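Hi,

Here is the structure I promised to pass on.

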Amino acid sequence: MEQVSGLLSWALSRVLWLSGRSERGAARQPRIMEEKALEVYDLIRTIRDPEKPNTLEELEVVTESCVEVKEIHEEDYLVTIRFTPTVPHCSLATLIGLCLRVKLQRCLPFKHKLEIYISEGTHSTEEDINKQINDKERVAAAMENPNLREIVEQCVIEPD
C-alpha cells in the first residue's frame with residue numbers, strides 16, 4: 001500500500017509539473033506568434049508597388065496589423081495576410097497578391113501554409129482575386145509567363 005501511495009504521489013507531482021510547463025509554454029505562445037508576424041511583415045513591407053516607386057508599406061497596402069500567424073502543429077504555422085489596395089478598382093491587386101506570395105514562399109525561414117486575401121470591402125472584385133492568389137495552379141501558371149515573372153522579380157527584389 002505504501003508503494004502505491006508513493007507511486008500515486010510521484011505521478012501526481014509529475015502531472016502538476018507538466019501542467020505548469022504547458023502553462024508557461026502557453027504564456028510564451030502569443031509572444032512567439034507576434035515575433036513571427038513581425039518577421040513576415042519585415043519581408044513584405046519592402047515589396048515595391050508595380051506602378052509606383054513606393055513600397056507596399058509606404059502606400060499602406062500592408063501594415064503590421066495585416067499579418068496574422070497561428071501555430072497549426074509544432075513548428076508548422078498558418079500565415080494570413082490581408083492587404084488593402086490603394087483604390088477599390090485597383091487593376092494590379094492580383095499582381096500585388098502574387099508578389100506577396102512569391103516573396104514569402106522564397107524567404108520565410110519556417111514551415112508554413114500561406115493565405116493571402118484582400119481586406120474585406122476594399123476592392124470591387126475581392127472574391128475573384130482572393131481565389132486567384134490562393135490557387136496554386138493559377139500562381140504557377142502566372143509565374144511561367146516571362147513578362148509577369150519579370151515584373152514580380154522587380155517588385156520583390158530587396159532594396160540596396
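β3 gives the most to the lining of the largest pocket, with 5 residues. Helices here are DSSP runs of H or I with at least four residues, strands are runs of E with at least two, and both are numbered from the N terminus. A pocket is an open set of points on a 1 Å grid over the protein atoms alone where a 1.4 Å probe fits, with protein on both sides within 12 Å along at least five of seven lines, and lining residues have an atom within 4 Å of a point.

Before you read on: this is a predicted model, where local features need pLDDT of at least 70 and side-chain atom pairs count only at pLDDT 80 or more, while totals for chains, interfaces and linings use all residues. Residues are numbered from 1 along each chain as its sequence is written, and side-chain values use heavy atoms, leaving out hydrogens and water.

The elements that give two or more residues to the lining are α2 (93–107), β3 (112–118) and α4 (136–144). Among the lining residues are R101, H112, K113, E115, Y117 and D135. The lining divides into 3 nonpolar, 3 polar and 5 charged residues, where Ala, Val, Leu, Ile, Met, Phe, Trp, Tyr, Cys and Pro count as nonpolar, Asp, Glu, Lys and Arg as charged, and the others, Gly among them, as polar.

Next, H123, in the loop between β3 and α3 (126–133). H123 is buried, at 8% relative accessible area (buried is under 20%, exposed over 50%, partly exposed in between, with a 1.4 Å probe and protein chains only). Polar atoms of its side chain lie 2.8 Å from the backbone oxygen of C90 and 3.0 Å from the backbone nitrogen of T125. Leaving aside residues up to four places away in sequence, H123 touches P85, V87, P88, H89, C90, A93, I118 and I129; contact means heavy atoms within 4.5 Å.

So which residues of α3 are buried? They are E126, I129, N130 and I133. Seen down the helix axis, they fall within an arc of 105 degrees, so they line one face of α3 (the arc is that of the directions from the axis to the C-beta atoms). These residues pack against β2 (76–83), α2, β3 and α4, whereas E127 and K131, on the other side, are exposed.

Cheers

Key
A polar contact is a pair of N or O atoms within 3.5 Å; within protein, one must be able to donate a hydrogen and the other to accept it, and residues adjacent in sequence count only if both atoms are side-chain atoms.
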